[in-house]
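Visitor: I am new to this structure and would be grateful for a guided introduction. May we look at it together?

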Amino acid sequence: MAASGFSSLLTYSSSSSLRHRAFPLLYLSPPIRPFTKMGSRHSSLEVCGGGADAYLPALKSLDNGYTPYPFIGWNRHVETIFASFFRTRPDVKLKRECLRTKDGGAVSLDWVVGDDRSLPEDSPLLILLPGLTGGSQDSYVRHMLVRARSNGWRVVVFNSRGCGGSPVTTSQAYKSYIFLILISLLLQESDSCPLSGAVSLCNPFNLVIADEDFRKGFNNVYDKSLANALVKIFKKHALLFSDMGGEYNIELAASAKTVKDFDEGLTRVSFGFKSADDYYSKSSSSDSIKYVKRPLLCIQAGNDPIAPSRGIPRDDIKENPNCLLIVTPQGGHLGWVAGSEAPRGAPWTDPTVLDFLIHLQKGTSKHINGIELDRSEQYADLL
């Protein structure tokens with residue numbers, strides 16, 4: 001189960017070695033729309049954002065609203081667990097490309113076998129970023145991958161250090177909150193950002209609030225499960241951490257019962273924070289939403305047990321003409337067992353994500369004064 005959500009990035013590729021041609025997206029900034037629950041078309045959804053007028057008309061899949069699947073979709077924990085364990089996982093053959101980072105670490109890129117020969121070089125490239133401990137093996141990742149490929153797009157899954165079988169080659173902990181990588185790119189001006197736009201799902205925008213809720217009631221089950229996954233990755237590469245001193249608490253990390261224990265013992269020290277609380281406070285993506293300069297769709301579930309609705313920066317989203325927020329009444333965490341493919345097929349969100357990305361693709365294809373960016377070098381420090 002991935003705790004920090006799921007992100008999709010759309011750009012254009014000139015080869016499979018991550019050298020991309022990105023085109024700036026041009027559009028008129030719409031007037032700020034007040035936060036509201038939309039009328040008859042979206043009566044079951046909460047929708048807001050400064051980009052509503054620009055993006056909502058393209059999201060035809062929202063016409064049917066949101067109707068949770070009986071029984072499974074009525075309880076957020078049942079839905080979260082069902083989707084994690086019982087959702088189908090499409091069979092896709094992948095080939096792996098490992099990238100070396102500036103500190104000697106490694107991340108893995110999983111490409112679909114044969115796409116480099118069967119797809120045009122200028123095919124749009126979709127980059128899938130799984131959340132905490134997630135990777136290309138996750139069912140929700142595979143479903144989005146298959147849907148995008150059916151639209152003629154090249155797709156690559158980014159596996160963080162230690163995740164999805166990606167190796168850990170240094171004592172530097174991987175960056176567990178993948179949305180921060182996404183935000184760092186979206187903050188750039190259009191002429192320097194390689195992305196046409198992005199989508200985030202189940203993002204715990206405010207990590208302080210997420211941490212508070214994570215340790216309440218049944219949520220302790222998720223906390224323990226994710227902590228176990230982190231400890232498993234850690235122990236697999238324990239020799240790399242055996243001689244670390246300073247503020248590192250290797251014993252705490254190796255025996256962590258909660259995600260916060262692991263962050264206190266290892267993660268926060270790796271990135272120079274005074275404590276896990278300091279790490280959460282200063283690493284929350286909610287503080288950066290107001291500065292996003294590229295199209296961003298955020299989809300959240302109102303009853304998400306891991307990414308609390310009360311942590312969503314609604315005011316900043318509705319004041320930013322580049323952002324759109326959709327909140328479903330149910331959905332759990334990366335569950336969304338609803339729609340035509342429920343209960344075991346793709347999440348309800350997938351058609352909406354594709355509608356948004358296709359809209360961006362049509363906009364970028366009209367503007368060909370692009371720039372070449374070698375992301376393997378320019379963004380190596382983000383990995």
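**Aromatic pairs and model confidence**

Guide: In this predicted model, one aromatic cluster is formed by F273, Y279 and Y280.

Visitor: How are the rings of Y279 and Y280 arranged: stacked, edge-to-face or tilted?

Guide: The ring centres of Y279 and Y280 are 5.6 Å apart, and their planes meet at 35°. Planes under 30 degrees apart would count as stacked and those over 60 as edge-to-face. The pair Y279 and Y280 is therefore tilted.

Visitor: Is Y279 buried or exposed?

Guide: A residue counts as buried under 20% relative accessible area. Y279 has a relative accessible area of 3%, so Y279 is buried.

Visitor: How many aromatic pairs does the structure hold, and which helices do F234 and F262 lie in?

Guide: The structure holds seven aromatic pairs. One of them joins F234 and F262, edge-to-face, with 6.2 Å centre to centre and 85° between the planes. Because these residues lie in separate helices, the pair ties together parts 28 residues apart in sequence. F234 lies in helix α7 (residues 219–236) and F262 in helix α9 (residues 259–270).

Visitor: What is the relative accessible area of F262?

Guide: F234, its partner in the pair, is buried at 5%. F262 is buried as well, with a relative accessible area of 6%.

Visitor: Over which residues does the pLDDT stay under 50, with 107 contacts beyond four places in sequence?

Guide: The chain averages a pLDDT of 83, and 80% of the residues score at least 70. One stretch below 50 is residues 365–382, which has 50 contacts beyond near neighbours in sequence. The stretch with 107 such contacts is residues 12–40.

Conventions. Residues numbered from 1 in each chain as written. Predicted model: local features only at pLDDT ≥ 70, side-chain atom pairs only at ≥ 80, totals over all residues. Heavy atoms only, no water. Phe/Tyr/Trp six-rings, centres within 6.5 Å; stacked < 30°, edge-to-face > 60°. Helix = DSSP H or I, 4+ residues; strand = E, 2+ residues; numbered from the N terminus. Buried < 20%, exposed > 50% of the residue type's maximum accessible area, 1.4 Å probe, protein only. pLDDT = per-residue confidence, 0-100. Contact = heavy atoms within 4.5 Å.
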